[in-house]
Amino acid sequence: MDVFDVIVVGAGHAGCEAALASSRMKAKTLLITINLDHIAFMSCNPAVGGIGKGHLVKEIDALDGEMAINTDAAGIQFRILNMKKGPAVRSTRVQTDKMRYALRMKKRLEMQENLLIRQGIIERLLVDDEKVTGVETKWGEKFYGKTVILTTGTFLRGLIHIGLEHFEAGRMGDFPSVGLSLCLKELGFEIGRLKTGTCPRLDGRTIDFSKLEPQESDNPPRPFSFLTKKIKNKLVPCYLTYTNLTTHEAILSGLDRSPLYTGKIKGTGVRYCPSIEDKVVKFREKERHRIFIEPEGLDTVEYYPNGLATSLPLDIQMRMLRSIKGLENVEITRPGYAIEYDFANPTQLFPTLETKRIKNLFFAGQINGTTGYEEAAAQGLIAGINAALKAKGEDEFILGRDEAYIGVMIDDLVTKGVDEPYRMFTSRAENRLFLREDNADLRLTEKGYSIGLVSKKRYDMVVKKKKRIENVHEILRSVRLRPSKQTEEMLKNHGLEPIKNPITLEELLKKPGVTIEHLKKIEDRIRDIDEDVAYQVELNIKYHGYKDRQIEMINRAKKMEEKKIPQHIRYEEVPGLSREIVEKLSRIKPLSIGQASRIPGVTPAAITALMIYFKKTGIFK
């Protein structure tokens, strides 16, 4: 009997990263998906990144994931968001060619060693003594594996809504997965229902672009991946337009046939990316909403009206669209729709993304209640890593909240659970000054190399980069300027204020208005340093005081994380805990005091009671 190390179910963004990670770690991997032609298919807008999400993609890349490299290859517009704000919240967003993105990812999977790809619908899991042993397809094929990763997206009992019409589908044009959802319920998993939606697609030949505001790509475009040196792709603009009061009237006239407002949809939707009908109803005081008209690719006329997700009837969708400036004569190529699907509450997972109920079974992506390609891909990467390590009998790989946005997201999911689709934002990370996009490689690449995931090429690049950064710091600390007429004249020529006391170049850089570019003109040895090295040095020096304070906070938090809680603890035996807190602790089974303190409803008094009990019983010294 042929036994795989890792079986990955589903080939969306989570499944692709999971399969690539495990196979790159020399684990024999099988990837099974419902439709081989829809690998890495972008069901919603064909864009990668954005606020918070870009951080996840940079971290995936730092760990040798594929999403950033694939995005660079298929990108048709590149922008850095929040450039007027601090470096911690700057995020990359790239519009991609949808078909090129999917085709390149498919080819990358097909070329990967240790990876076999098959088409099939998984009907049930094979489980023996609360341990998964494989999967079975709808037509009876059985595949055996040491570990299994479910990355089912919106396919678990997927139900599409357009107006009052609804039908079963994983997404438009694909079969749903019904049997697997029922299997998970039979195994005792807590299953809930969520909802997401997408916009209608528009025929670009019927759009009057002269009435729209063009949104050009950054020039020059900055790559997403740390490995990409330069973007040479053809770049095209997106466009901006707005809804108006006539649009809103059309939307309100269709609410009596809206599945969202007639109770047809039971699942909870995405709060931070609501449908247009939700926006109009909840923000009636707003006279207009922004709509971005985004190309689906270079070789298609289809456009995506970002901001117009809807499940309204088709006739209302048409009225709504044709009331918008530039879309007066537009034709729809595909209708917008809402989709409901099953998910498993992620508090049923360990931080490795292995389930607590069934050993060697991992969940990643929308099955865990998240929304977005980037959140899914990041989970897939971690699940793939840990499944491969588990199959080889090696230690688990967990990223902390102080180490990565990926760590923040997974900790949020497994500790707090979800009651609506989870989306990543920079505001979720308390240590965001450290967890910037630009330093993801410095934070994570060596960790990935230590577990056999990251290539030697990428690892060597990061080691050299760190050395170059430290060399520049040493130079800036060693060069001291002294007050003199010559120094004053030099500083004046560079647009800088004179100095009154001796000062190093490092101290000079701390002053407002002084940049690393100024120092390059003063010190020849740093004149030709790489842009990314210069950027890191400047941020290290400018934010030194803030970083010291954040390091103190991180160290305090680490002490709480180091206090590990044995999994066999019976919380009902701990004096001073309420029944509600006992229930929460018993259900989530926190791995540490730190995680326990982040469970909603677990009070500081309860944490104190735990600490006292653990010290009395000798668990903590």
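In this predicted model, M67, I69, N70, T71, A73 and A74 of helix α3 meet R100, Y101, R104 and M105 of helix α4, where contact means heavy atoms within 4.5 Å. By class, the residues of this contact of α3 with α4 divide into six nonpolar, two polar and two charged; Ala, Val, Leu, Ile, Met, Phe, Trp, Tyr, Cys and Pro count as nonpolar, Asp, Glu, Lys and Arg as charged, and the others, Gly among them, as polar. Residues are numbered from 1 along each chain as its sequence is written, and side-chain values use heavy atoms, with hydrogens and water left out. Because the model is predicted, local features need pLDDT of at least 70 and side-chain atom pairs count only at pLDDT 80 or more, while totals for chains, interfaces and linings use all residues.

**Helix α3 against helix α4**

- The axes of α3 (residues 67-74) and α4 (residues 98-111) come within 9 Å and cross at roughly 130°, with axes taken as lines fitted to C-alpha atoms, for helices over the stretch in contact, and angles running from 0 to 180 degrees between N-to-C directions.
- The passage of α3 over α4 is a right-handed crossing, a term used if the near helix is turned clockwise from the far one by less than a right angle, with anticlockwise giving left-handed.
- Helices (H or I, at least four residues) and strands (E, at least two) are DSSP runs, numbered from the N terminus.

**R104 in helix α4**

- R104 is found in helix α4 and, at 28% relative accessibility, counts as partly exposed; buried means under 20% relative accessible area, exposed over 50% and partly exposed in between, with a 1.4 Å probe and protein chains only.
- Leaving aside residues up to four places away in sequence, R104 touches E66, I69, N70 and A73.
- The C-alpha atoms of R104 and N70 are separated by 6.9 Å, although the two residues are 34 residues apart along the chain.

- Helix α3 lies across β3, β4 and β5, and runs at about 120° to β4.
- These three strands form an open sheet in the order β3-β5-β4, with antiparallel pairing, where two strands pair if DSSP finds at least two bridges between them.
- The edge strands are β3 (47-49) and β4 (75-81), each of which pairs on one side only.
- Neighbouring strands of this sheet are turned by 15° against each other on average, direction ignored.
- Strands β4 and β5 (residues 91-96) pair in the antiparallel sense over six bridges, and F78 stands opposite V94 in β5.

- Strand β7 (residues 122-128) pairs with β8 in the antiparallel sense over six bridges, and V127 stands opposite V132 in β8.
- The hairpin of β7 and β8 has two residues between the strands, and D129 there takes a positive phi near 55°.
- Strand β8 also pairs with β9 (residues 142-150) in the antiparallel sense, over three bridges, and the bridge partner of E136 in β9 is K142.
- The hairpin of β8 and β9 has four residues between the strands, and in this hairpin G140 takes a positive phi near 95°.

**The six-stranded sheet**

- Six strands form an open sheet in the order β14-β15-β16-β17-β13-β18, and the pairing is antiparallel.
- Strands β14 (213-215) and β18 (332-334) stand at the edges with a single partner strand each, so one side of each is left without a neighbour in the sheet.
- From one strand to the next, the twist averages 35°.
- Strands β16 (residues 290-295) and β17 (residues 302-306) pair in the antiparallel sense over four bridges, and the bridge partner of E294 in β17 is Y304.

**Helix α2 against helix α11**

- The axes of α2 (residues 53-62) and α11 (residues 440-450) come within 8 Å and cross at roughly 40°, which makes α2 oblique to α11.
- Helix α2 passes α11 in a right-handed crossing.
- K58, E59 and A62 in α2 meet A440, D441, R443, L444 and T445 in α11, and by class this contact has three nonpolar, one polar and four charged residues.

Technical notes
Parallel < 35°, antiparallel > 145°, perpendicular 65-115°, else oblique.
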